[in-house]
Amino acid sequence: MRLKIQRASRLLLPQYTQRIPAPQPSPAAVPQPDLVMITTYPPRACGLATFASDLIEAIQTQYEQAFTVKICALDVPEAVYPAVVFHVLQPESSASYHTLLTKMGQLHQQEWVIVQHEFGLFRSHEFKLLNALNQMEKKVMVVLHTVLAHPDEATLLFMKRLVFLAHTLVVMTAHSQKLLVERYGFPASKIKVIPHGTHLVDHLPKAVLKKRMGWEQRTLLTTFGLLSSGKNIETTLEALPLVIQRFPDVLFLIVGKTHPGVVAQEGERYRHFLEERITALGLQHHTHFINEYVALPKLLDLLQMTDIYLFTSKNQEQAVSGTFAYALSCGCPIITTPIPHARELVQKGSGLLFDFEQPVQLARQLIALLSHPEWQEELRGNGLHQMEPTAWENTAMHYVNYLKQQSTTRILLTLRLPNITLKHVWAMTTGKGILQFARLNQPDTSSGYTLDDNARALIVTVQNYQITRNPALLTAMERYLQFMLFCLQPDGRFLNYVSYAHQFTAQNKSDNLEDSFGRAIWALGYCAAFAPTDQVSLQQPIQNLLQATRDPRLTLTSPRAMAFTLKGLYFVYESGNADYCTEIEILGDRLQGMYGQTATDNWPWYEPYLTYGNSVLPEALLMAWKVTHRIDFKTTAVLSFSFLLSILFRDSYLRVISNNGWFHQGQAWDRLPPGGEQPIDAAYTVLALDTFYRLLQQPIYAQQIETAYRWFLGLNHRGEMLYNPKTGGCYDGLEADHVNLNQGAESTLSHLLARQALELHQRKYTKQLQNQMHT
């Protein structure tokens, strides 16, 4: 076997080494390129300004190294703009364009200009815009917020000139892309679809939000946006009397002030018209105006408490509505007129359609949907999953990654590491322990508790204590430890599943509980090593549990149970307790024996397949080497981990083994079912890489730690975030065509295990560098 190991080492390690990306230069070594965006911008109150502001904020939040964004704002020069605005453009002024070109000429690191385009912004001055873009000699991305289905001759001519100057046209729906190709005759290669961004929300219960406003007894219908006659809100008013006959508790919210352009031309005439119709129809008790440009937090709360969102626009040329994105991301079923954007959404099961200016049809759709709460819930879930990829964090990545791919200059992208927060852990924790599952981010008490999750929670709180030294964490540690004590059985084994009523469930009899046992020992060992040694309420129960579980530890048959157990005993050993040295060698020898039974030159692994929690096997064996100094343990650990990493990092990102189908010896990697990637496996990979780097000090492992962690931030096969910075939770899985939006304990704790391990790794590494520099 030693000959086989040595021969395979020479074959596999160089192959793996070639797949490791070259070390990235420090951020200071690559200057950030400038990105100029021509757009309306706050404090101007319009949808396009809000879109641009949200996109830029998402880029700056998501990346610590990407672009330096500079805004050319379309507005009157008296407006007070933030520092990001470097020029205020007057579309009718040739001199204003000339000044813009002069300022852009002073930017030495600029390749791209983004134009946020809406018809009307450059009305009668389109040629000035085209002339300026022609003189810029930059790559131009035009974001089309409207694509007219039936353009007149002048508009079509302008669009043809614009597309000639543009490198890329961005549209927000597949329908808009189809129009540009089939009706405008534009090349598909120039068109990129990036959906409108949406905001992450906390998904608070409707009842709680309604009670804050005194609407707990009302069924809320809502529309929002800058008010104008094109919104056709009178259609809803005409429909309401029929609806109220069946549902007298209905309240229709009309959210938003009148469009500034409308006010300038006709004042508040349209709002007064709506008020007159409300009085004529006797709807005073069933309508409510919120006459303001609503701040985002309030808007998201209003949408979350909404039962059905209504969109009644009569503009058949309107291609996209950002209000849909906001409403769906807040969990609103929608009823809408059939503009192209709406048709795409409804086809995917998130709402219902009715014809333009047809109040009776609208009333029928409302009555049907209000009569079936379960249908509302189905549409709500479909909409949430449909909108998940469009979170502003994901949308920002789509823009930035595309700009990088199409750039000729070198752009270093560095995703910003999120702040560490236990917010969702505390939300999931009761007086007994941490609950198992959540529905979205709301704890699901019916799922009860598990030993697995409470063991992970113990490790996470101890990790957090290492980082923060917050004494308040000690209470949480004791709570999770007490749950583990509750699960201990007289024979030294643990039960895993506990109901919300704190009773053991029947699932304990049908499932193999060895892995849960192993995870419990891992948590006990980690707590013994890194929790405060002067806390008797922690350390004494840990020692009692370690003593009580001694006999079952030596009867384990599951390789992962052995590995988790070995990890726990290793941490106890490293804290100064040599009592477990023999037990560590016994467990290491069993893992080594399993490896010897299945390993070949082309498959240096412990089993004839790769399943879940793979990284823990070589990690545990390396720990056994550290204690016993057995070279065969080290050789097998390094070889098997190199083999595993060569599979997990075949692309420039981490792709963990799918739980939709394990990866079997002799199977082609491209035949592995897509999706089914679990946060726990990404976390185990981060932890193993940290252990290998810590014990072997090989840069190859350090290079991959952050890459593996950034799987949670969108560096994965879907390019979508698993971590939710709004809630502090983590989504439950990365599937082939969507992300599982529930944020249960396992996924949230897995993210924290990885994020905090990375934090501890970076602090230690930085300290080593500082010591070396000092020396």
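In this predicted model, Val85 makes contact with Tyr41, Ile71 and Ala73, leaving aside residues up to four places away in sequence. Val85 belongs to strand 4, which spans residues 85–89. Because its relative accessibility is 13%, under the 20% limit, Val85 counts as buried. Pro42 is 43 residues from Val85 in sequence, yet the two C-alpha atoms are 9.9 Å apart in space.

The peptide bond from Pro42 to Pro43 is cis, with omega near 20 degrees. Pro43 is placed in the loop between strand 1 (34–39) and helix 2 (47–62). Most peptide bonds are trans, and most residues other than glycine have a negative phi.

Two residues other than glycine have a positive phi. Glu137 has a phi near 55 degrees and sits in the loop that runs between helix 4 (126–136) and strand 6 (139–144). With 72% relative accessibility, over the 50% limit, Glu137 counts as exposed. For Gln697, phi is likewise positive, near 55 degrees, and the residue is found in the loop between helix 28 and helix 29 (699–709). Gln697, at 39% relative accessibility, counts as partly exposed.

The buried residues are Thr323, Phe324, Ala325, Tyr326, Ala327, Leu328 and Ser329. After helix 12 comes Gly331, which has a positive phi near 85 degrees.

The packing of two helices comes next. Helix 26 (residues 616–628) and helix 28 (residues 679–696) have axes 9 Å apart and meet at an angle of about 25 degrees. This angle is under 35 degrees, so helix 26 is roughly parallel to helix 28. The crossing of helix 26 past helix 28 is left-handed. On the side of helix 26, the contact is made by Pro618, Glu619, Leu622, Met623, Trp625 and Lys626; helix 28 contributes Leu687, Ala688, Thr691, Phe692, Arg694, Leu695 and Leu696. Nine of these contact residues are nonpolar, one is polar and three are charged.

Charged side chains also pair elsewhere, and the salt bridges come to 24 in the model. One of them joins Arg560 to Glu607, with the closest N and O atoms 2.9 Å apart. Arg560 lies in helix 24 (residues 559–574), whereas Glu607 lies in the loop between helix 25 (581–598) and strand 19 (609–610), so the pair ties together parts that are 47 residues apart in sequence. Both Arg560 and Glu607 are buried.

Arg271 forms a salt bridge with Glu268, and their closest N and O atoms are 3.3 Å apart. Arg710 and Glu706 meet through their side chains in a salt bridge of 2.6 Å, N to O.

Key: Residues numbered from 1 in each chain as written. Predicted model: local features only at pLDDT ≥ 70, side-chain atom pairs only at ≥ 80, totals over all residues. Heavy atoms only, no water. Helix = DSSP H or I, 4+ residues; strand = E, 2+ residues; numbered from the N terminus. Buried < 20%, exposed > 50% of the residue type's maximum accessible area, 1.4 Å probe, protein only. Contact = heavy atoms within 4.5 Å. Axes fitted to C-alpha atoms, helices over the stretch in contact; angles between N-to-C directions. Parallel < 35°, antiparallel > 145°, perpendicular 65-115°, else oblique. Left-handed = near helix turned anticlockwise from the far one by under 90°. Nonpolar A, V, L, I, M, F, W, Y, C, P; charged D, E, K, R; others polar. Salt bridge = Lys/Arg side-chain N within 4 Å of Asp/Glu carboxyl O.
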